[in-house]
Structure formats: C-alpha cells, structure tokens
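Dear colleague,

My notes on it follow directly after.

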Amino acid sequence: MTNSSPHTYVEEDEFGLDHKPKYQIFHDLMIKRINRVLLVSSYYDNFILEEDGRLSDQIFEEFHNLNLRTLPSITRVASAKEALILVKKRAFDLVITMRRLGDIDPFVFGQQIKQIRDIPVILLLNNASIIPYLPDPTKRQGIDRIFLWNGDSTVFVAIIKHLEDQLNVAHDTEVGLVRVIIVVEDSIRYFSLFLPLIYSELMKQTHRLISAGINDFYNLLQMRARPKILLACTYEEAMNYYQTYKNYVIGVISDVRFPREGKIDKEAGLTFIKEIKTNNLTLPTAIQSSELRNKQRAKELGAYFIHKKSRRLLQSLKEFMLRYLGFGDFIFQLADGTVVGQAKNILELSQVIAVVPDESLRYHGSHDHFSGWLMNRAEFAIAQKIKPVKVTDFTEEGLRQFLLDSIKAILVEKSGGVVHDWDRESHHPAIRFTRLRPGSLGGKGRGIAFLQFLLNTFLLADKISRNVDIRIPKTFVIGTSEFDLFMQENDKLYDIALSDAPDEEIKKNFLKAKISNSLEDDLRYILKDLTGPLSVRSSSLLEDSQYQPFAGIFETYFLPNNQDMKTRVKLLCNAIKLVFASSFVRKAKSYAESTDQSIEESKMAVVIQQVVGKRHPGELSYPSFSGVASSYNYYPISYMKPSDRIAFLALGLGKTIVEGGISHRFCPKYPEISFYSTHDQILENSQKDFFAIDLASPATDFTEGENSFLVKTSIFDADKEILSRIADTYDYNDGVLRNGYMGDMGAPIITFSSQLKYGTFPFAEIIAKILALGERAMGCSVEIEFAGNFQPIPKKRTTFYLLQIRPFVEQDEQLSEEIISVPKSDVFACSSQISGNRIIKDIHDIVFVKPESFDKLKTRKMVAEIDQINQSLRGQETPYILLVFGRLGTFDPFLGIPVKWNHISGALVLIETGLENFQVEHSQGSHFFQNITTANIGYFFINYKSKKDFIDWEWLNNQKKVITETDYIRHIQTENPFLVMIDGRKREGIVVKPGWNFER
C-alpha cells in the first residue's frame, strides 16, 4: 500500500505547509551553543578546581538544578602548548584559561588561539588580588572577558550562558521577540558576582513560571525564550546595546562609575539611565553604587537602588528581579503601595483582575506592569498588544474587560496545537485539549490532538470564505499509564480479561474494579466546569493506526451529565472502566487476531469529550448535523473520480453513519450532483430516524451497554427549526419533492440541499480543504468525522467541530497478476463496486443467506446462525466467502444483518447484494467498512438492478455438498477452489467458479 496521496485539487501552497507551528518558534531559538570547552590550567590550578572545588560535580549539579539540558563537555590540559596542539585537531567552542601558564602570558596565549580558531577565550582568575596587576583594558587583546572564580561553580554557568546570549541575541530577538536585560558593570569582581546570581535567579524563575505550563516538552522549549543578559563595561557599549535592542529591553541594571569616551566617568550610569528614561519612562531600572548618596539620585530617576556595600547586596538584586522585572508573583497594589491582590500565574492573574479595585488596574496599566510581567512569561504577542494601549482609552470597566479578554486570548492561543498536561492550579476552562494522565494518547487521542495542531497552525477557519469557526470539542485524554495502573492495582483482571469468558462477565469484573482515587478526584474537579453531555471514547494504541485502524471495534459511551455530582462521577468512572474492558471483548480479540495483532498490545487511553449538540424539544440533545468524509470514493458515479472524495451527512449523532445507517452522501467536488435519479430512490435512501442523547433518562448505570442513554427517534420528531435548514418536503398529494421543509404539507426528506446546492453553508469547501490538508500533513488518504450546530441567528458564526481524523487505507497497490478474461458462464460473481487488491486461490466454502428464507424482520436471528458457522470454520482455519442481503455490520436490522466483527472474522470475501423487494446502498462510510478495507478483505457490492454486475444464483442453488443448513443460512463446500480476483485500482472484481483452469 502506498503512503502517497494524489487526492488534492486544492492548490498545493494554499495551506503553506512549510509554515511552522507557533511553538516551533522555540526550536529556532538558542541555535548557537557552547558544547565543547577547553580548560587550560596548571596542575596546581587543576588540583584546586577538582579536589577543593569538585568542579565537575558542581557544574553538573548546577546545570541539573537549573533545568539546563545542554551540559557542555570539558576537556582539560595542563599547558598552553598542549592546548594549542589540541585546538588545531578539535573544534572547541570556548577556551577558558587560568592565569598561570608557565612561560607564556595568557593574553599572548589567547591571541595564538584566535589565530587558529576564531572562538572566545576567557581568562579565569582564582584570586581577586591579581586584578590590580592586570594590563589596562585596552591592552587585553586575545582575551574576550575576565572572570573571577571564588570557588562557586555558578561562575562557569554564567560564563557559558553569557557567551551564548551574545551569540544568539540578534537572531532570537528578531525571530522570537526574546527580551533583553542590560547589565552595566566594569568591575571584574562585581560582574563575576552579579552574573551568576542573575542567571541562577533567571533560570529558576523562568522554570518556576513555566513549570505549570502546557507540558514538559513545551516547557523545555520555552526555556529557550528566557531573557538574554548583555554585559557592558563602558558607556558606549551599554548605549549600543540599548539602541540595538531597545524594543526588547525589559530592564537595566547599571553601575554609576565606569568608562565613557575612554575615561572613568563618575556619573556615567546616572547619565545612561536618564538618557534611556527620556523615551521609555516605565522601563524598570536599577542603579548599583558603593555610595549611599546616589540613592536619592536613583529615586529622582525612578530607579531602584542597590547598595554594593550592603550585607543584603545579593538579596536586593534578587528583589529587583522578582518585583520589578516581573519574575515573581504579580503584586496588585494601589498608587500608595497598598497591596490589594497577588497572582502567581496567568490563571490567577485573570481571577484577581476580575475583582481588584479599578484604581489598581489603572496604576499597573499606566506603568506597563502587565505587559512586562507577560513578557517574562514568553507571552510576547499578547504583551505587545497590551503595551501600546493607553489607560485613558478605557472606561473603568472597559479596562478590566480588555485585560480579561486579552488573558483569555492567551489561554485559547496556548491551547491550540499543543497537548496540555493536567495541572489543577493552572487549568482554565478555555483550554480545549488536556492530557489528564501521562502515557500515550492512543490512536483516537493522537488524531484529535493532531487536528488541534492543524487548525491552530494553518488557521483553516480563516481560509473559509463564510462566517464559520472550526475547532475541536473540549477534550480530556486519560493516557495509557492509567490503564496500566488500573490493571496492576486490580491484578486479577488480566486472568478474566484474557480468558474466553463472555463479554458480560468481563465487563462485570471491570466494573467491580477500583479506579485510582486521584483520577476520581480530578474527574470530580473537571466536572464542575464540564457541563452538558459527554462521550467517553476508546483510544487504544492500535486504534486509528495507518494499517490497522480498529475503527469501531472498541466502545463509546454517552452520558447526559446532568444529574447530581455523585451520579455524574459514578457514571463517568464506570464508563472509563467499560472502555478499558472493551479491549478484551470478543470482537476486539477477533479483529486483533485477524490482523495479526496481540490483544495484550492494546493498551487503552480514554477520550472524554463534550458532545456536540444542543437541547431540543423532548429533552433530547443532538447536533444539527454530523458527518464522515473520506479521501477516496470507492463508488463514484457520473464523471466523478475516486479521488474526488466522498462525504456523508446526517441529522443527529454520527452513530447513524459510522454504524451503517442511512445518511445523505455527496461528493465535495460536485456537491450539487445527486447520487439518485428518481424520487423513489431519494425516498428509499433518505434518513428515516436519528440518534440523540436522552436528557430525561432515569438510568443510573449502563444496563443497556453503549446505548444506555441514547434514543433512536423518527425524523418526524426532530426540531422543526433544524428541519427547516436541512430538509426538503415530499408532497404525498402531488408525488413530488419540493424545496425546503414545509411542515405538515408533507414528509421531511433530509437532503441538505440548502447547503449543498444553494451554498447557505460551505460544507463542500470545508470538507475539501480539511481532507486536502489532512492528506498532505499525514502523507496518506484520510477519513474525518465532524459535527455542528446551525445558529438560529443568521449573523452568528456556526461552529464546525472536527471530532476525529484517521488514516484511510486506500487499496492503491498493484496486483502481482492481471485479472484474466473469463467466459461469463464460468463466473459466479462479478462487480465493479469493490474494494481490495488481491488474488485468492484457496477458498472452497461459501456461506450465504438463502434468498427464499430472507426476512428483514429476522436479521438478528441470522447473526447467531452466521456466528455459529464462522466459529466452526475459524476453528478449522478454513477461509470462506460470505454472501448476504443488505448491509453487513449496520446497527439497523431493517437495512441488513447487524453482525459484529467477531461474527464474520473468518471470511476472506464479503458480498453484499439485494433482492427485488429489498435493495439497500452499500456500506461505505461506516466503521465496519473501514475495517474491511484495512484488513484487505475482498468486498463486492452487487446492485440487484445492475445489467453488468451479477451473481449466478442458479449455479449456487444447484451445489450438492451442503455442510450446514439453518433456518436462514446455508454453507456449501466445493471440491475445487474458487478463484477470487479483485483489482481496486481498475474497479474490477470476479469470483470464478471452481474447476475452471486458471493455470498459466
């Protein structure tokens, strides 16, 4: 099977698949790293570093404690000569040299290194008394920076991060809007003291701020967006940094006395702060000085003062970073300093903004505190939206609402395209996809998460010309780790689960088992906000995979979720247990065996999702429409091609479609073309009933299994407002189909003609674009499920909800042999409506429904008879052809035989056909059909009225060797094998009668 997909008539560049997702920006930051360090030190200095300072252990511990994942490798040599030889052989990123190098001066050594490689060279002193004897700064060629080591390994972290910041600042500010902090200090002693503290605090605070973020992977990426620290030692260097990065600077820490124009200027720092405050009054600044008299001057400039000789020097620096640079909690206060609130994360910020006095909001707004605080959390886009806004532009409540809306936008934005790991403290109702427990998301969970990623990354709704929102429903996924824990803590379950016990016994044992207390507590917590009906869906590791999708094999439970909290939690927990149990029911075991999978591989995640729909008369909840669309149409008509895709629409829950009920089908490329040419065909193939959730159900448990809280009701009982949007009217008196729904003047016929023919809603456009995007993004054909509610108010946006995307296995491979030309008299069955690609030469058995015995009122009895024969043949490892009337696997017994997979798991070829008084469309669009296709089971649909396709019933009824015969089913066996040849690409399939000589 091919992984390529030719199915895209949408322009290839329409979605810009080279566009990077929003979190991808973090991948592009901190590209240049210091990975390999050469440390040059005498044996004595090396002894001091290792034995006294335990340098290696300290550096490793420091990087680990700061959650830094890029630990550089350090190579040590004891002489300059060794270092020069090694630098010629190996590509180092940094050389750190100690002062004692024998007979060579470290500055000369640095120049020699740079002649070999243009890399930074740092001089590391281990004694402050050496500083006065160093050459003048203008004569320190060969050395990029001098640091003082006082036994604390954090200076090595500071050196490396300081150099990395210099290497990356230009790129990261432009590409990722990364912020900058400028530190102005010319004293080796003080910047060797300050920088390690600033970096340490910066890393810790950044990690603390994002640790309650989306997920661990995203958090690690976001660490790359931490502010850059730029160290300047002169006025000119400081001003150059500011002018270059002034749009990104979030704070300045400056000494007072340092060089300007080549000479020491006693007020250089004050002049610098005054200059930058001229155009950026609210920029947080700190002045550090050994002279207390500068405290008043700092105050006059609106700067924080740090006294260098204070015992609280480092604490003062830390306080400035936390309070004024926004790395700590947001402290809400009034203009006089009175504290009125505090928030440690964005969620709490929103909650406090909603209640603090207007005076506090105006105070912080006028000083850019909100934007600064958000900037340091890498929320650049929203911070830039807030920053230029003037407080005076708003009324009192207008400012509050603007801030609340802006914060909500953060949460909605952050929820797009990424998987949020559950954190009760940081969870917000606006988040649409949350992993409630660790482990794999499973097949269905991955599909939903991928849809969220696609929608957020490629902004699909913006490309639709109409007033439409496209999103996923609010979703929680319980990862597979919870399944492992559940099976481990209830250790007797595997014994019953892997046995041949009846399904009901397995489910009963799972319901008795205990779910973890922590999960139950979290479910109770999310149910406070998660109102309205819920679906609890399977998401096995094997489900919706590219070659064995297991579609519809596991179970889904619907909950009204409108009872008292105790009942709601109980039902939700029981639904989760039953989904776990569905890994081990007969149909799951049978399908796994038929696809050569082990059922023990099928670890189960669980998807909890809000059901798309609204409350309607009769205490029913259901959507205006639900649907399934596929990249490949196995049964095109007219001038359609298989690659033009196919879609199915229905009123109510999608169960109607995925379980083989009647729905409305159309081609997204030609939505106006009907698949039926007469009124009789339209009436016969129009939806008669629909599924809804019973909001008034008295049930308190799943006594009716998956259908416990579902009802199937007639379309005559559907909400008239919905029918007015999606139905036409069949006029009994005149025998004609009239456009639009006319109430009591006739019967509603679900056609969606208003949308498909007259374009009142862009179904075709949305589906075509989503399928095209999915095909290109997944690299194969796809199938999607969707639903939505039409809005009664014309100008209100309708939301189109995507429920699932999965690979759709199109039979695109070439046969190893061509289909041979066979005389019609030697053909048992022939069809142009087939799926599969295979040649089978070893089938001797046909199991078929006897035409004379078929009764659509007795199809449930036929299931038991087919199951009995299937079990017998599977036990003998004997493949067979199964021939039935109507649809296999449908939930509706009046449309065909409602078998499950385990009932027909031994069949290698399935044939659906009709009778003169019983003609039903094929199964395309259902989960059952998807699994048939994926398992490469040969499938034939033979239209009763076809002039080309046929079954030789006379030959079949004349076969004498009857193995089994029941009330409705006959099993015959032939001495010679059938020849089955199916070519899915050429749309040809034949079953040749036994005895025909096909050897070539």
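Which residues does Phe-109 touch, if those up to four places away in sequence are not counted? In this predicted model, its partners are Val-40, Ala-80, Ala-83, Leu-84, Val-95, Thr-97, Leu-101 and Ile-104.

I would next draw your attention to a pair of helices. The axes of α18 (residues 442-458) and α29 (residues 763-778) come within 12 Å and cross at roughly 110 degrees. Since angles of 65 to 115 degrees count as roughly perpendicular, α18 and α29 are therefore roughly perpendicular to each other. Where they meet, α18 presents Phe-450, Leu-454 and Phe-458, and α29 presents Leu-773, Ala-777 and Met-778. The residues of this contact comprise 6 nonpolar, no polar and no charged.

Finally, a note on Ser-686, which is found in the loop between α26 (679-684) and β27 (689-694). Ser-686 has a relative accessible area of 4% and is therefore buried, the limit for that term being under 20%. A polar atom of the Ser-686 side chain lies 3.1 Å from the backbone oxygen of Leu-683. Beyond its neighbours within four places in sequence, Ser-686 is in contact with Ile-662 and Ile-749.

Yours sincerely

Conventions. Residues numbered from 1 in each chain as written. Predicted model: local features only at pLDDT ≥ 70, side-chain atom pairs only at ≥ 80, totals over all residues. Heavy atoms only, no water. Helix = DSSP H or I, 4+ residues; strand = E, 2+ residues; numbered from the N terminus. Buried < 20%, exposed > 50% of the residue type's maximum accessible area, 1.4 Å probe, protein only. Polar contact = N/O pair within 3.5 Å; in protein donor to acceptor, adjacent residues only side chain to side chain. Contact = heavy atoms within 4.5 Å. Axes fitted to C-alpha atoms, helices over the stretch in contact; angles between N-to-C directions. Parallel < 35°, antiparallel > 145°, perpendicular 65-115°, else oblique. Nonpolar A, V, L, I, M, F, W, Y, C, P; charged D, E, K, R; others polar.
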